[in-house]
Amino acid sequence: MKFASITLLAAALLVSPAAAQTGDKAISTTTISLTISLGTATPGGGFPLYGNTFAEVMNAADPSLTIAPRNTKGSNENIPLLEKGELDLALVAGEPAYEAFAGIGRAPVRLKILTAIYSNPGMFVVRADSPYKTIRDLVGQPVAFGAKGSGLPILARYVLDGLGLKQDEDFKAIYLDRAGDGPAMVEDGRAVALWGAGIGWPGFAAVASSASGARFIAPSAEEIARIRAKHSFLKPLTVPAGSYPKQSEPIASLGSWSFVLTREDLPDEVAYRLAKTLHGVEATFCNKLAQACETTAANTLAAAPKPKLIHPGVMKYFREVGVVK
């Protein structure tokens, strides 16, 4: 199944990358109406929030386009669903994407990047009245590392490994069935900390908005240097002041970029159309969702591990608008 649901004036046109051609003459994408599936993650996390808004903005900008978000278990499920053609697009965190493209623990994927979505500076959040102030303070304690199958536990694993710590041995690691369950666990004491990432991440916002308030714990400057010495693909990132309630100072951390990935054989015409629509409404998307302000063509080029991993249809659009020479 190439698209989860597809409505075309001529349905066979989008079965293969060459399908939008009749002889040597391209068929105008304005004649095509289609529905595209978008895998997100479990309810309560950042991916469903982003994915639902992405679909809302894109569908409003192009009435003949319908992007249909679908809750999944997250990045680790989205990658094989894309490979099997059961999803057209999916949100994938930076670390699972890095491992998949590099062939770490598996054969390299042949998926493509539609867009970088936002940066993911990783950190912990604890109740403001808790005694924990450093990552070392959390050793031996129950910590919620995110939803099973999501990219958050993978980011945490790399960060902690850079500090000589093991996620499942040095902490009482908790993996959630639903991303939205984490804040309540911190509030009632079942977990002393919740690991997360990003600007405007719902889990952090929930803890920061709770009656107890929040304190954020990120690696120190010395710890960031140690982590990057071992895992250089992680980049220094900053959570700006005011990203969460009562967060008066910026927070320096490190992490990577998350992406919207496409199945390998998504036709160039479709990827081009998606890119043109998306980057034509960047301001609207940013106004609706703070995280989406980072969803730009320039950030996609900067965040992609290699330019060749960006979908050819997207690169065609980038060349047309002068982002790529």
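Seventeen residues, written here as 17, line the largest pocket, with Tyr-98, Ala-303, Ala-304, Pro-305 and Lys-306 lying nearest its centre. A pocket here is an open set of points on a 1 Å grid over the protein atoms alone, where a 1.4 Å probe fits and protein lies on both sides within 12 Å along at least five of seven lines; lining residues have an atom within 4 Å of a point. The model is a predicted one, so to speak of local features takes pLDDT of at least 70 and side-chain atom pairs count only at pLDDT 80 or more, while totals for chains, interfaces and linings use all residues. Numbering runs from 1 along each chain as its sequence is written, and side-chain values use heavy atoms, with hydrogens and water left out.The elements giving two or more residues to this lining are α3 (94–102), β12 (251–262) and α10 (297–303), where helices (H or I, at least four residues) and strands (E, at least two) are DSSP runs numbered from the N terminus. Helix α3 gives the most, with 5 residues. By type, the lining splits into 12 nonpolar, 2 polar and 3 charged residues; Ala, Val, Leu, Ile, Met, Phe, Trp, Tyr, Cys and Pro count as nonpolar, Asp, Glu, Lys and Arg as charged, and the others, Gly among them, as polar.

Beyond its neighbours within four places in sequence, Leu-274 is in contact (heavy atoms within 4.5 Å) with Ile-36, Met-58, Leu-65, Ile-67, Leu-89, Leu-114 and Leu-266.

As for charged pairs, the structure holds 14 salt bridges, each a side-chain nitrogen of Lys or Arg within 4 Å of a carboxyl oxygen of Asp or Glu. One of them pairs Arg-263 with Asp-88 at 3.1 Å, N to O. This bridge ties together distant parts of the chain, 175 residues apart: Arg-263 sits in the loop between β12 and α8 (268–280), and Asp-88 in the loop between α2 (75–83) and β5 (89–92). Both ends are tucked away, with Arg-263 buried at 1% relative accessibility and Asp-88 buried at 0%.

Arg-127 and Asp-129 also form a salt bridge, with 2.8 Å between the closest N and O atoms; here Arg-127 is partly exposed at 24% and Asp-129 is exposed at 53%.

Methods. Buried means under 20% relative accessible area, exposed over 50%, partly exposed in between (1.4 Å probe, protein chains only).
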